[in-house]
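Subject: Structure handover

Hello,

Here is the structure I promised to pass on. Please open it first, then read my notes below.

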Amino acid sequence: MLTLAVALLSILVIALLSFIIWERYRDAHKPLPSPSPLTLENAYKVLDDSIKKSREIISQAEVEGSKLVTDTKFYTQKANQTYESRLKQAIDSAQKSQLGVVSQSEQHFTKAEQVFEQYLQTVEQNTRQQLDGLYQKTAAAQAQYEDFIKKLSIATQQAQLQSVETAKQKVDKLFEDFEVKLADFLLQSEQKMMLAVDLELRSARQLIDTYKVQQMNVIDENIVAMLEKTLSLVLAKNLNLKDQMDFVYESLEKAKAEKFIV
Amino acid sequence: MVSEELEWLNSYGVQFLNLFQKETFYQSFSQIDKMVSELQTLTIYLAFSANPESEKQIGSWLRDNLSTEIVMDVKLDPSLIGGCAFIWKGVYRDYSLRSKIQTNRAQILTSFKTFMAEKTK
């Protein structure tokens, strides 16, 4: 793993160096504005130097890269050997300590089992005792409960009988009251109806009497009118001048007596 | 008829007739008319058509028993049956048989009913 990392690192370094070189090379080969002949000569010279320098750098980089790869391989092998030896030692020591721990654990387990068995026995005894007590208490409570239920049943039956009796008495009283009130109501209604009928009867009688009196008055008026008419017809034919004059003198005397004509 | 009128005129005496001279004729009538208008009128309603004799008798009774300064105005009302009714100073009063019947209507009715009841038995 370490070897692989070192190799990758080497490759990266190489790639970086190549990239730097390439950038310099490209910058060097950029087109320039129409140089003068002197400048061009200098430029060729600089370019030539640069190429040389870059080749040196590349060769040096190759040497460095190969050296780095070689060193990486060496150190990787050495680290692997060291790791293997240490791992082996650790495994040995762990196996040893594991054996010790196992034996101690077995002892502890044995002891714990014994303690646990004792604890279980104690718990069992306590539980049995508690259960016995509980059984006894439960039996006593059950007996009390049954006794209570019996008493309750008796009391309920008695209460039920009393309730039925009370309800019966109340219903009887209600019916009696209802009958009394109904009788009173009927009596009052009858009295009211009688009173109303009596009033209506009186009113009707009064109306009839009034009508009778009115009709009698009308009849009397008619009789008087008929009598007047008859008398006027009869007397007009039967009274002679002397009789008429006697009536006139009588009227004059009466008017004089009453001092109507003064 | 003329003789009756002459008799009526003569009944007023010579003194009365001397009032009607050629010179004072109109003046006398005016004076009489004025005096008549100052007299009070008694309107008498009669149940029969009175003849002049009856009217004279009534007038005589009025002058003898009440006053000489009364003018009598006789009118006919057959519904009075008998007797008469008067209007004096604007007040009407009925002394006729009709009035008596109306006053005694209760007694008349009772008598009539009693009579009818006895007749229907």
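**Conventions**

This is a predicted model: local features need pLDDT of at least 70, side-chain atom pairs count only at pLDDT 80 or more, and totals for chains, interfaces and linings use all residues. Residues are numbered from 1 along each chain as its sequence is written, chains are lettered from A and ligands numbered from 1 in the order in which they are written, and side-chain values use heavy atoms, with hydrogens and water left out.

**Chain A**

Chain A has three helices and zero strands. Helices (H or I, at least four residues) and strands (E, at least two) are DSSP runs, numbered from the N terminus. Along the sequence the pattern of chain A reads α-α-α.

Of the 262 residues in chain A, 7% are buried. Buried means under 20% relative accessible area, exposed means over 50%, and partly exposed lies in between (1.4 Å probe, protein chains only). Chain A exposes about 22,800 Å². Carbon and sulfur atoms supply 62% of that area. Accessible areas come from the Shrake-Rupley method with a 1.4 Å probe; for residues, only the protein chains shown count as cover.

**Salt bridges**

There are eleven salt bridges over all chains. The term means a side-chain nitrogen of Lys or Arg within 4 Å of a carboxyl oxygen of Asp or Glu. Three of them follow.

A:D147 and A:K151 form a salt bridge, 3.6 Å from N to O. These two residues are four apart in helix α2 (residues 37-238) of chain A, so about one helical turn separates them. A:D147 is partly exposed at 38% relative accessible area. A:K151 is exposed at 53%.

B:K113 bridges to A:D220, with the closest N and O atoms 3.1 Å apart. This pair crosses between chains: B:K113 sits in helix α6 (residues 105-120) of chain B, and A:D220 in helix α2 of chain A. B:K113 is partly exposed at 35%. A:D220 has 13% relative accessibility and so counts as buried.

B:R105 and A:E221 meet in a salt bridge at 2.8 Å, N to O. This pair also crosses between chains, from helix α6 of chain B to helix α2 of chain A. B:R105 is partly exposed at 27%. A:E221 is partly exposed at 43%.

**Aromatic pairs**

The structure holds eleven aromatic pairs over all chains. Rings of Phe, Tyr and Trp (its six-membered ring) pair if their centres lie within 6.5 Å; planes under 30 degrees apart count as stacked, over 60 as edge-to-face and the rest as tilted.

The ring centres of B:F20 and B:F29 are 5.1 Å apart, and the planes stand at 55 degrees, so this pair is tilted. B:F20 is partly exposed at 22%. B:F29 is partly exposed at 43%.

B:Y45 and B:Y92 make an edge-to-face pair, 6.0 Å centre to centre with 65 degrees between the planes. This pair links distant parts of the chain, 47 residues apart. B:Y45 lies in strand β1 (residues 40-46) of chain B, and B:Y92 in strand β4 (residues 91-94) of chain B. B:Y45 counts as buried at 19%. B:Y92 is partly exposed at 41%.

Which residues do ring pairs link into a cluster? They are B:W8, B:Y12, B:F16, B:F20, B:F25, B:Y26 and B:F29.

Best wishes
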